[in-house]
Every structure is written in C-alpha cells, then in structure tokens.
Amino acid sequence: MTKITMTVNGRQMSGEAEGRTLLVDFLRGTLGLTGTHVGCDTGQCGACVVHVNGDAVKSCNMLAMEAEGAEVSTIEGQAAADGSLNAIQAAFQQYHGLQCGFCTPGMVMSAAALLKENPKPSEAEVRKYLSGNLCRCTGYHNIVRAIMAASGQDVSAIAAE
Amino acid sequence: MPMDGGIGAATPRREDVRFLTGAGNYTDDINVHGQAYVAFLRSDVAHGRINGLDTAAAAAMPGVIRIFTGADFEGVGGLPCGWQVTDRHGQPMQEPPHPVLAQGKVRHVGDPIAAVVAETLEQAKDAVEAIEADIEELPAVVDMKTALEEGAPKVHDDLTSNLCYDWGFVEENREAVDKAIREAAHVTTLELKNQRLVANPMELAWRWAITAGAPAI
C-alpha cells in the first residue's frame with residue numbers, strides 16, 4: 001500500500017492504495033465519494049466518468065496512482081457550495097434527463113467536458129460525444145435536450161419524447 | 001409540449017437532486033459492519049467439460065470465508081426461465097436446467113464456475129485466481145445457423161437439439177400469409193440477424209444479501 005494524494009473537488013485528499021487500485025475504487029472506497037458509479041468495470045458504460053486535470057476520463061480505466069497530484073473533479077463537486085445545481089444539473093432535472101440516476105453522474109461529467117470544449121454543440125455533436133455513456137432509462141433523447149438547453153440553445157424544435 | 005399544471009403536467013422529481021449531486025444510495029454504496037464480498041470464477045471457453053476443480057489453495061488464502069462450486073448446489077434446482085414460450089406448432093419450449101454454478105460442463109464464456117466469499121473484494125478476486133480449474137475444451141457453435149445443423153455440438157446434452165423454440169404467428173394465419181406473398185408484386189428474401197437481447201439495468205453488477213447468522217455479502 002502506498003499513500004497517494006490528489007486534489008478532489010478543490011480539497012486535498014489522501015489515502016492508501018495498492019498498485020492495482022483503480023481510480024474509481026479509490027474515490028468510492030477510500031475517499032467515500034460514492035457518487036461516481038461502476039456500471040460495467042470495462043470502460044463501456046461511462047457511469048464512472050470524472051475529470052482529471054480537466055479532461056473527462058473513465059475512472060475505471062485509470063489506476064489511482066496515475067492520479068497522484070492531479071486535480072480531480074467528481075459529481076459531488078458540481079453543485080454550488082449552497083447546494084444549488086449547476087446549469088447542466090438543473091437542465092437534467094428540468095428536461096427529465098434521468099430516471100434511475102445511475103448513469104447520471106457520468107452523463108453530467110461528460111456533458112460538462114463537452115460544453116467546455118464546445119459551448120454550443122449541435123444535436124449530432126452531443127449524441128456523438130455521449131457515445132461512451134450508456135443509459136437504460138431515458139432513451140437519451142431528454143439527455144440531449146438537457147445538455148443543449150444547458151448550453152443556452154433553444155430546444156423547442158427538438159420534439160419531446 | 002407538456003402542460004404547466006394539472007393532470008399531465010411535467011413536474012420536477014424530488015429524487016432528482018440527490019441523483020444529480022452524487023448523493024444517491026445505490027446497492028454498492030451500502031457498507032455494513034462485517035460485510036463480505038463475493039467474486040466469481042467464470043469460464044473463459046464457450047464449451048467445456050469440468051474435469052476437476054481444486055479450491056484448496058484458494059480456500060487457504062487470507063480473508064477467504066467460503067468457496068462455493070456447482071457441487072454445493074446439487075439437488076437445489078437452478079434458475080427457472082421466467083417466460084415459458086409455446087412454439088408456433090403449439091409445443092412447449094425445451095427448457096434445460098440452469099444451475100446457479102456450472103455442474104459438469106460450462107456452456108458459454110462467462111458461465112460462473114465458483115463463487116468466492118471473502119472479507120474484501122480484493123481478497124475474493126485474488127482467491128478466484130488461485131482456483132485450479134481443469135476444463136477440457138469442447139467444440140462450440142457461435143452462430144444460430146450452425147447451431148441448428150445436423151450433428152452440431154449440443155449445448156445441453158439431454159435436449160434433442162439446440163433449438164429452444166421456433167416462434168411466430170404464421171401458422172394461425174397461414175393461408176392469408178401464403179396468399180399475400182403469392183400475389184405480391186415483389187418478394188424480398190433476406191436473412192435477419194439479431195444481437196443478443198438482454199434487458200439489464202445500468203446498475204447490474206451488484207447484489208446485497210444478508211442471511212441470519214452470516215455476514216452480509
């Protein structure tokens with residue numbers, strides 16, 4: 001076991017990890033941040049997406065030790081300090097972009113990464129960017145609407161499901 | 001557009017805020033005192049005979065509480081098919097037994113062979129790797145057409161063939177169907193392949209169980 005330290009949602013956090021410990025297991029098990037989920041363990045579902053030094057990564061595909069000294073953001077750090085939802089989270093609620101909520105943390109983190117690099121994505125661009133995030137409840141439609149609405153675009157032309 | 005009020009109105013869901021902030025409480029988020037973990041040894045071949053299973057070394061590893069194999073479930077019954085289908089000729093489908101852990105044979109890649117219960121998930125996974133499984137690989141079929149050929153290796157030796165059922169609504173309307181096809185201006189014949197259909201939720205890898213006098217898994 002080795003002690004590793006990273007900045008998670010703006011706070012420096014440390015814990016013990018084995019060489020094989022995945023970043024997602026370190027976040028969930030060691031740091032207790034269970035908002036990041038494991039749906040498949042094989043890099044397909046995207047429920048474990050977090051940001052590492054600003055980039056969206058699937059935290060089940062990264063070793064905890066690779067994040068030593070990194071800036072990590074997770075779903076727990078997305079709302080404001082007073083608990084109010086950020087624009088993406090609020091749009092997910094308003095446009096019913098979630099049902100069971102299991103994929104939602106990964107969806108929100110992927111959406112945040114998308115809007116950072118492409119502030120006004122087209123519907124096709126949103127769908128392409130989300131190809132690594134699976135959802136079994138919504139059929140994706142309302143997730144796409146939520147993300148486009150969060151980017152300040154008019155989604156009334158995108159038919160409601 | 002949805003209405004703003006009354007019946008049919010879209011209303012914000014109360015549970016959304018916790019799901020959107022990472023504060024949901026899903027199965028794998030639950031931790032109780034004394035909780036144990038299970039990991040499975042799964043088949044890496046599509047079809048094989050289990051000639052031997054040595055769990056002694058695995059059982060002696062740190063943290064291992066119990067190892068289960070198919071032998072522990074003999075006579076217990078298996079997983080029943082939840083939807084019994086009658087085929088297009090009115091015959092019931094062939095339903096083979098589905099043991100919870102493989103007995104005698106493995107029938108697909110990922111077929112569970114043994115379950116290791118340990119104090120931590122890492123210990124359970126380590127012990128899975130220490131199980132010595134002597135599996136004799138048998139010929140396999142990996143597409144539907146080949147599976148139905150005469151003499152194809154059978155997935156379940158005790159069934160008459162690999163056909164579970166032939167389903168459709170053609171027989172009950174045979175004459176009309178034949179007539180429609182006969183009189184059609186153009187008939188297209190094509191081979192349709194469907195992928196494996198599995199209705200699983202996203203949260204599928206986790207179970208939480210508790211039994212009297214035993215640690216939670």
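In this predicted model, the largest nonpolar core comprises 52 residues, and those with the most contacts inside it are A:I88, A:F92, A:V108, A:A111, A:A146, A:I147 and A:A150. For A:A111, when neighbours within four places in sequence are left aside, the contacts are A:I88, A:I147 and A:A150, each of which is also listed with A:A111 among the residues with the most contacts inside the core. Apart from this core lies another, of 17 residues, which includes B:A36, B:L41, B:V64 and B:A127.

Between the two chains, 30 residues of chain A are in contact with 19 residues of chain B. On the side of chain A that touches chain B, the elements that give two or more residues are α2 (87–94) and α3 (104–117) of chain A, and the residues of that side divide into 16 nonpolar, 11 polar and three charged. The predictor assigns the complex an ipTM of 0.94 and a pTM of 0.86.

Within chain B, the mean pLDDT is 90, with 94% of the residues reaching 70 or more. B:V85 is located in the loop between β3 (64–69) and β4 (105–106) of chain B, and this residue is classed as partly exposed because 14 other C-beta atoms lie within 10 Å, a count that falls between the limits of 12 or fewer for exposed and 20 or more for buried. Not counting residues up to four places away in sequence, B:V85 touches B:M93, B:Y165 and B:W167; of these partners, B:W167 is 82 residues from B:V85 in sequence, while the C-alpha to C-alpha separation in space is 8.1 Å.

Methods
Residues are numbered from 1 along each chain as its sequence is written. Chains are lettered from A and ligands numbered from 1 in the order in which they are written. This is a predicted model: local features need pLDDT of at least 70, side-chain atom pairs count only at pLDDT 80 or more; totals for chains, interfaces and linings use all residues. Two residues are in contact if their C-beta atoms, placed from the backbone, lie within 7 Å. Helices (H or I, at least four residues) and strands (E, at least two) are DSSP runs, numbered from the N terminus. Ala, Val, Leu, Ile, Met, Phe, Trp, Tyr, Cys and Pro count as nonpolar, Asp, Glu, Lys and Arg as charged, and the others, Gly among them, as polar. pLDDT is the predictor's confidence in each residue, from 0 to 100. A nonpolar core is a set of buried Ala, Val, Leu, Ile, Met, Phe, Trp, Tyr and Cys residues joined through C-beta atoms within 7 Å.
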